[in-house]
Amino acid sequence: MEALSGAQPIPLVALVGNPNCGKTALFNVLTGSRQKVANYAGVTVERKEGALLTPSGSRVRILDLPGAYSLDPLTPDEQVTADVLLGRRAGETAPDFVVCVTDATNLRQNLRLVLSLKRLGLPMVVALNMTDIARRKGIVIDAERLARELGVAVVETVGVKASGAKRLIEMLDSAAIPARAAGKFEWHTPSTADIAQDQAEVRRILTAVGADRIDGVTFSDQLDAVVLHPVAGPLILAAILFLVFQAVFAWAQLPMDAIKTGVDALAGWLGHAMPESLLKGLLVNGVLAGVGSVFVFLPQIIILFFFILMLEESGYLPRAAFLLDRLMGSVGLSGRAFIPLLSSFACAIPGVMATRTIQNPRDRLATIMIAPLMTCSARLPVYALIIGAFIPQRTLWGGLQLQGIVLFALYLVGVASAMAVAYVLKRAGAKARLQTLMLELPVYHWPNLRNLAIGLWQRVEIFLSRVGTIILALMVILWALSSFPTPPPGATGPAIQYSIAGHLGSWLAVIFKPIGFNWQISIALVPGLAAREVAVGALGTVYALSVTGENVSGALTPLIAHSWSLPTALSLLAWYVFAPQCLSTLATVKRETNSWRYPIIMAAYLFALAYLGSFITFRVATALSSLG
Amino acid sequence: MKLTDLKTGTQARVVSVVPAEGVAALELGRRLAELGFLPGEAVRVVARGLLAREPIAVRIGTGTFALRLFEAACIRVCPEQTPAA
């Protein structure tokens, strides 16, 4: 370790600003790829810190505080910002210096926060951001005059240009950031009258600097006339959502297949190259299968977040929330819940990660909780197997296929139960208080490629380093459960039957008897926890089929059609609509909610629903078939 | 008149913000003020939702916010005398 005692502590500079002021873009310019994304302790608010190396070679830590309209917090984001600035957030050092980022085209709104911060007495500079856009709009702000009127230094910045923060960097360099004044900062919540007084001051300053101007109908307005139109708006939204859904569902297929093929090939090669041993089992069926099941989600996550970041950066996402607010609100969800839920049809993991765009923590939690009820693509192999074996290929009137209708019904049951659960969550929550919306619809922007790339990389990194490690660990544990103890010499049944998973399965068979599952199904459900589609392969193992891979399903179909009753099959279908047969999803929920509480609640309620659903299905189907 | 009664596209100015009674109302009033809904500010309804005309998108000063009807109903406005559009 270097001797740190003699060195100056690295100064901490906080970026503060209203939401949508281009703060994060400026943060990206200041810190480039030297960023660390984590969560603030105890909350799910994202904490972004980066390092700036100034031209003179000194280091500055830059903290990108969450967007805030005021220092009197109403959202968790604002709570964090206020607490950090006031030096009362545990585990966070108060910043030495504040850069208050303002949108030059929206000073009328942004300057009130500047006045509040000034009152707080922290050393600060105002970054007059987006001056390029302002200039294009014909707004020329006299920065020197603004600095004089505010009594605070002002620098012009352009957050979307690599060189746009030059003057700000020079300032952070030369400022020789003063040591933070000791003592706590006092803050008194202003009354509405105080805010009105601030606004009068803002108006005076705006007049003085020649920026007191309100545009009539802007380009954004013209776009909004179409995008928010009662008829055209929903049509455009539907088209965009369809594109996103298509992309996540279909475009990801090729790279996902490539990853699967690659991992399979590697496993096959290892299988031949290595002698039969425990290590080989661990490597091939534990580690490699685990790594594979982590990487296989990447294409969907990248594609989904590419679209989400595009929609967010351009300013469309809040408009989509506007259009869907009433519809989703009827079951107690936010309009922003739509994209996470839609992508959960492909896979709940990117869906749960996408709930970060929902600011209200209660709405976000409700969305996370119901995301697994959207029928994900991993259920399809299981559905296809059972439907193929039990539902006759019959064409009903209108050319509709019975098998297709059953599949559609399974999707529908998932959606309907998700809505029902959301409704119950809303009722169970705090007294039916009127939920506020107050959602800003920012001016439209072209997405900036650099910000897009940085944002995308951060999602990938979070997924691989935090979710991926949990998934990998769980896969290895599951492999161990299915492999140990090894079958005794002379054993006749399949190896899995003698393992811990096998024993678990035979205990489960007792529990699952009332819903019609035999012991083969019960055992297959244990390794099937890894991922839903694994259950198909596991059934193949339990029935000691000699075929592997793609052919398992084909070989299983006549076998189960013969040995299971129709009520059992229907019961298993119902089970898969609800059951949280996916540890990866639970691992993601753990990461995203920062606690074990919610994944445990989720698993419990989904298992309960699954058991109930299967029980009812089995009993009703049994009764009906005895009638017929 | 209430902001909710203002015709889409008509320029107006905020007269006052009068939240309904209750503790939450005080906070609602302050929040609206913090977003810029303050007496004298220019205001205009940009768009309305499809179902039940909710939410409504409102231009306040140079910013735009989507509000629920109960939020917008707290805001009293006075239409500007503009040349007939």
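1. A:Leu15 stands opposite A:Asp64 in β4(A). The strands concerned are β1 (residues 12-17) and β4 (residues 59-64) of chain A, which run parallel and are joined by four bridges. Strands here are DSSP E runs of at least two residues, helices are H or I runs of at least four, and both are numbered from the N terminus. Two strands count as paired if DSSP finds at least two bridges between them.

2. This is a predicted model: local features need pLDDT of at least 70, side-chain atom pairs count only at pLDDT 80 or more, and totals for chains, interfaces and linings use all residues. Residues are numbered from 1 along each chain as its sequence is written, while chains are lettered from A and ligands numbered from 1 in the order in which they are written.

3. Chain A has an open sheet of seven strands, with mixed pairing and the order β2-β3-β4-β1-β5-β6-β7. β2 (35-39) and β7 (153-156) of chain A stand at the edges; each has a single partner strand, so one side of each lacks a neighbour in the sheet. On average, neighbouring strands of this sheet are turned by 25 degrees against each other, direction ignored.

4. Helix α1 (residues 23-31) of chain A packs on the sheet. Among the strands it touches are β3 (46-53), β5 (97-103) and β6 (124-129) of chain A. The direction of α1(A) makes about 40 degrees with that of β3(A). Axes are lines fitted to C-alpha atoms, for helices over the stretch in contact, and angles run from 0 to 180 degrees between N-to-C directions.

5. Helix α11 (residues 278-295) of chain A has 18 residues. From first C-alpha to last it reaches 24 Å, close to the 26 Å expected (1.5 Å times one less than the number of residues). A kink of about 30 degrees is centred on A:Leu288; the bend is the angle between axes fitted to the seven residues ending there and the seven starting there.

6. Now the interface. 31 residues of chain B are in contact with 29 residues of chain A (C-beta atoms, placed from the backbone, within 7 Å). α1(B) gives the most to the side of chain B that touches chain A, with eight residues.

7. Strand β8 (residues 439-440) of chain A and β4(B) pair in the antiparallel sense over two bridges. Within β4(B), B:Phe65 is the bridge partner of A:Glu440.

Note on methods: Two residues are in contact if their C-beta atoms, placed from the backbone, lie within 7 Å.
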